[in-house]
Amino acid sequence: MNSLTETKRRPTDWQGSEMQKRIAGRYAAERRFKAMGITAIVLSAGFLAFLLIVMVGNGFRGFTQTELPVEIDFPAVTSGASPSQFEGPNAEANLQVMGLREIVESSIEIQYGREGSDLFSPGAWTSVSAKILASPDIVRQKATVYLPVNSEIDVAYKDAGNPEAEQKVQALRDKFSTGFNWNFLSNSDATDPMQVGIWGAFKGSLITMIVTLLLAFPVGVLAALYLEEYAPKNRLTDLIEVSINNLAAVPSIIFGLLGLAVFLNFFGMPRSGALVGGLTLALMTMPVIVISGRNAVKSVPPSIREAALGIGASPLQVVFHHVLPLALPGILTGTIIGMARALGETAPLLMIGMRAFIATPPSGITDPATVLPVQIFLWSDEVDRGFVEKTSAAIIVLLLFLLIMNALAIYLRNRFETRW
């Protein structure tokens, strides 16, 4: 009896000093955990803010350009050209026949001297061409046109740089003006940083992403549905699952080598085309869609399937009328995340030749094209200082593209989300 009494546990002394120390230690551990969590959030937000401030600070100047006024007496130098000549399909041909470049250069020489052409961008005359095409009536009058200066003076005006360029800036500082660089949004790649634009790369990215989505999404979703709803549990299925998980972790450059070997060397597809780029990125994105799709399908409660079968639905109707609509928010979210990853990839596209100098935006999936990440990579390797701000500006465009895709993912998830 005494032994039984001795083995009984004594009641806990909640007011004792030892217990109070243990409780205080738990509270202290909880406070430390909260402090570490807040610190991690602050550090993450700080790094993100630093990245955005640096990118926006450097890239904002890429959306602007420094200009100088040039007065052109159009009636005197165009020999009474009619505005109707610069309307319709033959407008650009008439501008070339008229010799607009020589007209602009002579007007610059009259106002700024023989070396005046060195102040302006080599393609400055194209700004006059664009103004005539936009408003042909300008050829009937004397007009002052603001033309972009060369890259060296543009950088010197925005930020202190080359002393020789600084002297030119000081002499003409009162005449300079800063305007929005529409060429950056409408042009393609060029050798002159004052004439480069991101439209060609943006269009190439858009076409490549469309090809990737059309190939990866249906195949990935159907594979996820089959593996989760129909595939028998055996060694072959286990091998397929392990292979898909491993493919999702393969470095992206391996997919570039695969695209080079299969699509270019074996099938002979056109190099540097959006079709080959989309096929390569589809191979890289498909495992991510399959994994996210399987997880979304698996999250649908079994009661949904049982209820559908109980009212007479076939297995195919259960999957496509009940399971798939309920899993669609998770599938779309995973798809957009995979597409966002593919949008930022550079290595696989470099392997298939999408690093060519593309001066004309692609008009189809087989035309030579480049994408925004590759364009950023190429500009960052240029020697001219004018490409530095253009690189940062292109990064801003790429980030906006990614933000739009993520916002689309959130919208689609909320739009199709069903609560049970």
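This briefing covers salt bridges, surface patches and selected residues of the structure above.

The model is predicted: local features need pLDDT of at least 70, side-chain atom pairs count only at pLDDT 80 or more, and totals for chains, interfaces and linings use all residues. Residues are numbered from 1 along each chain as its sequence is written, and side-chain values use heavy atoms, with hydrogens and water left out. A search of the whole structure finds eight salt bridges. A salt bridge here is a side-chain nitrogen of Lys or Arg within 4 Å of a carboxyl oxygen of Asp or Glu. Helices (H or I, at least four residues) and strands (E, at least two) are DSSP runs, numbered from the N terminus. Buried means under 20% relative accessible area, exposed means over 50%, and partly exposed lies in between (1.4 Å probe, protein chains only).

**Salt bridges**

- Arg-305 and Glu-229 form a salt bridge, with the closest N and O atoms 2.8 Å apart. This pair links distant parts of the chain: Arg-305 sits in helix α14 (residues 302-310) and Glu-229 in helix α10 (residues 199-230), 76 residues apart.
- Arg-305 counts as buried because its relative accessibility is 16%. Glu-229 is partly exposed, at 24%.
- Glu-241 and Arg-294 join their side chains in a salt bridge of 3.0 Å, N to O. Glu-241 lies in helix α11 (residues 235-248) and Arg-294 in helix α13 (residues 274-298), so the pair ties together parts that are 53 residues apart in sequence.
- Glu-105 and Arg-101 meet through their side chains in a salt bridge of 3.5 Å, N to O. Both residues lie in helix α5 (residues 100-112), four residues apart, about one turn of the helix.
- Glu-105 is partly exposed, with 38% relative accessibility. Arg-101 is partly exposed, with a relative accessible area of 38%.
- Arg-61, Glu-389 and Lys-390 are linked in a network of salt bridges.

**Surface patches**

- Patches are made of residues with over 30% relative accessible area and no salt bridge; like charges are joined within 9 Å, and nonpolar side chains (Val, Leu, Ile, Met, Phe, Trp, Tyr) within 5 Å.
- For charges, Lys and Arg count as positive and Asp and Glu as negative, while His and the chain ends are not counted. The place of a charge is NZ of Lys, CZ of Arg, CG of Asp or CD of Glu.
- A patch of negative charge on the surface gathers Glu-152, Asp-381, Glu-382 and Asp-384.
- Asp-381 is in the loop between α17 (372-380) and α18 (386-416). Asp-381 counts as exposed because its relative accessibility is 62%.
- Glu-382 is also found in the loop between α17 and α18. Glu-382 is partly exposed, at 42%.
- Glu-382 and Pro-193 are 189 residues apart in sequence, yet their C-alpha atoms are 9.6 Å apart in space.
- A nonpolar surface patch consists of Leu-48, Leu-51, Leu-52, Val-56 and Phe-60, with about 470 Å² of accessible area together. Accessible areas come from the Shrake-Rupley method with a 1.4 Å probe; for residues, only the protein chains shown count as cover.
- Val-56 belongs to helix α2 (residues 17-59). Val-56 is partly exposed, at 45% relative accessibility.

**Buried residues**

- Contact means heavy atoms within 4.5 Å. The contact lists below leave out residues up to four places away in sequence.
- Thr-280 is found in helix α13. Thr-280 is buried, with a relative accessible area of 0%.
- Thr-280 touches Phe-255, Gly-256, Gly-259, Phe-263, Pro-348 and Ile-352.
- Tyr-112 is in helix α5. Tyr-112 is buried at 16% relative accessibility.
- Tyr-112 touches Leu-68, Pro-69, Val-70, Leu-119, Phe-120, Leu-172 and Lys-175.
- Tyr-112 and Arg-385 are 273 residues apart along the chain, and their C-alpha atoms are separated by 25 Å.

**Backbone**

- Ser-272 has phi near 65°, a positive value in a residue other than glycine.
- Ser-272 is placed in the loop between α12 (252-266) and α13. Ser-272 is buried, with a relative accessible area of 5%.
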